[in-house]
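Student: Could you help me learn to read enclosed spaces and buried residues in a protein model? I have the coordinates open and would like to go step by step.

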Amino acid sequence: MPPIKMRGTQKPKNTKQTILRLASYMGKFKILWLVVFLCVVASSLSEVFGTYMIKPALNDYIIPLIKKENPDLSGFIRLIVKVAAVYFVGVVAAFLNQRILLAISTRSLFNIRKDLFHNLERLPLSYYDSRPHGVIMSLFTNDTDTLRDMFSQNVPQLFTSIFSVVGVFIMMIVLSVPLTVLLCVTMALTMVLAWKIGKLSARAFRAQQENIGTVNGYIEELIEGQRVVKVFSREEATIAKFDELNEKLCEAGTQATTYASVLGPIMNNLSHLQYALCAMLGAFLVISRMSDLGTIASFLQSIRSFSRPLSQMSQQFNSILNALAGAERIFAAIDEIPEVDDGRVLIANAKTAVDSGNKEHISESFVYTGDWAWKYPETKQLKKLRGDVDFGNVDFGYVKSVKVLHDISIHAKSGEKIALVGSTGSGKTTIANLLTRFYDIEDGEGTITYDDIPIKDIEKDSLRKSLGMVLQDTHLFTGTIKENIRYGNLDATDEQVVNAAKLANADSFICHLKNGYDTVITGDGASLSQGQRQLLSIARAACANPPVLVLDEATSSIDTRTERLIQQGMDRLMRGRTVFVIAHRLSTVRNADEIIVLEKGRILERGNHDALIAKKGRYYQLYTGAFNLD
């Protein structure tokens, strides 16, 4: 009898819609599906035919030949050859079925994974900010794994099982209606018992999974924070806490395993009882001459052929539900609305010529020049990119009901260095997010212009190409150091890469590495120090050579000595560019053209270093240490 396994099954919210969505991917292979259907039918019919042939084998050959001294086996041999041929066709059909379904499933999974990744790359940053990265990664790991299992194992077995069950059931009715009725009644009673035990098992396995998650989370947290544990001598306390969590896991696991262990033997023994009852009734029918021995033998064999596919179907049921739940999450991500980009103004390489009257003429260049212009596609008009940025009375909130910026007005002229300082949560990084259009202000919340062009009118790719960013949290990709620096400008030559590294004072430590610029970085640059990773991030921005720079705590992980070394390089990098500097170290913003002090999303003070020190306000308190930035 089929065991019913319920181990914390996840169910999709809309099963029908999810199945139809999966069918749209798998339905692209209509001809192959027709071949699969024919193969499944052939495989199932071969099994049904082989089981049914027990009846003529016994009634027409084996029993009549028992009493003969020189039996003629030619007819029996022909029957065996016929059955063997049918089974051979079934084996070939089953093989083709598996191979074709494997091809369909892998290609469908390829298309799903492609659509998922392509859409994730187009989603706004707010999508990633509102979800743990582990949840997004699970779409590519856990959810696609369950889909792969469903495509490669569950679906093929389900199709084969359905056809086998239907075929065998029809054959059982043809063989003996009374035995079929008895089988259905006993199977229904067994299923009820299995369902009740399965509910208890499901509850126990859900508790086990919750405890596994708790224990794993605790272990991961403690491994990452092992330095802190040892600093504060909390080893014994953490061990005691782990023992407590582990004990709960042990209890839940014992209960879950008990139900699972009990369910199997009960179902097996009930299936033996069911078989015995059918054999007893069959013997009665033969004795009373209501049936013959071949029919009963064929029917008893068909019970096994009937129970096995049902068992497989019940075992695949929960796996399919889990896979559908995973597919639903994947499709939800695929259906997320991509980042809206209604900008039409483009950035273009430019070259400038001066006529005899000292008048500049700008034209588009199809090679990298280091000069940039805004291009209006409709008129082909070019406007020199100067780097003037203006925030006019900007209000903003990540959530509409909660504003984090209030009436922010900033005007950065071309080549100016604007410093944003303030305590944590004052809105410094939010201003950078608005400038890069990671987030957009709503209508009526002020204006943001770039060279007098509303930034919403500038294509996002062009806008971000004009901005070089160095973030506090550096990220390096798997590849060589040279490739990581060139990430900011894929057309950069090796010479430009080296010059960018020298500008950021990264060349010195790179040359001391065994393979220099060809050193391969893995694990987000785990083999490098945090300061070295940040130097590479600065070099990457230098290689991009953008007209506007945004430095978000760009030197936060660099020691004071290294900071002094790179300051000259940073000054060279910033020369002639508009620069926004977000800094906790106020020593790095002393030479800013304007320092803006923020608090709770409002501008408290603004001016250069000397003017703000003389004012003896909040900046003076921050600079002298009378007030903490944190």
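Student: How much space lies in the second largest cavity?

Tutor: This is a predicted model, and about 40 Å³ of space lies in that cavity. A cavity is a space where a 1.4 Å probe fits but cannot get out. The structure holds two cavities of 30 Å³ or more.

Student: Which residues line the second largest cavity?

Tutor: Its lining is made of L420, K428, I431, A432, L435, V550, F580 and I582. By class, that gives seven nonpolar residues, no polar ones and one charged.

Student: Which element supplies the largest share of that lining?

Tutor: Helix α11 does, with four residues. Both α11 (428-435) and β14 (578-582) supply at least two residues each.

Student: Now the second largest pocket, please. How many residues line it, and which lie nearest its centre?

Tutor: A pocket, unlike a cavity, is an open set of points. Here 23 residues form the lining, with S126, F396, Y439, D440 and E442 nearest the centre. They divide into 10 nonpolar, two polar and 11 charged, and the pocket holds about 510 Å³ of space.

Student: One more residue: is V548 buried or exposed?

Tutor: Compare its relative accessible area with the cut-off: V548 counts as buried because its value is 0%, and buried means under 20%. V548 sits in strand β13 (residues 548-552).

Student: What does V548 touch, not counting residues up to four places away in sequence?

Tutor: V548 touches G387, Y450, S466, L467, G468, T578 and F580.

Note on methods. Residues are numbered from 1 along each chain as its sequence is written. This is a predicted model: local features need pLDDT of at least 70, side-chain atom pairs count only at pLDDT 80 or more; totals for chains, interfaces and linings use all residues. Side-chain values use heavy atoms; hydrogens and water are left out. On a 1 Å grid over the protein atoms alone, a cavity is a set of points where a 1.4 Å probe fits but cannot get out, and a pocket is an open set with protein on both sides within 12 Å along at least five of seven lines; lining residues have an atom within 4 Å of a point. Grid points are joined across faces, edges and corners, and a volume is the space filled by probe spheres set on the points. Ala, Val, Leu, Ile, Met, Phe, Trp, Tyr, Cys and Pro count as nonpolar, Asp, Glu, Lys and Arg as charged, and the others, Gly among them, as polar. Buried means under 20% relative accessible area, exposed over 50%, partly exposed in between (1.4 Å probe, protein chains only). Contact means heavy atoms within 4.5 Å.
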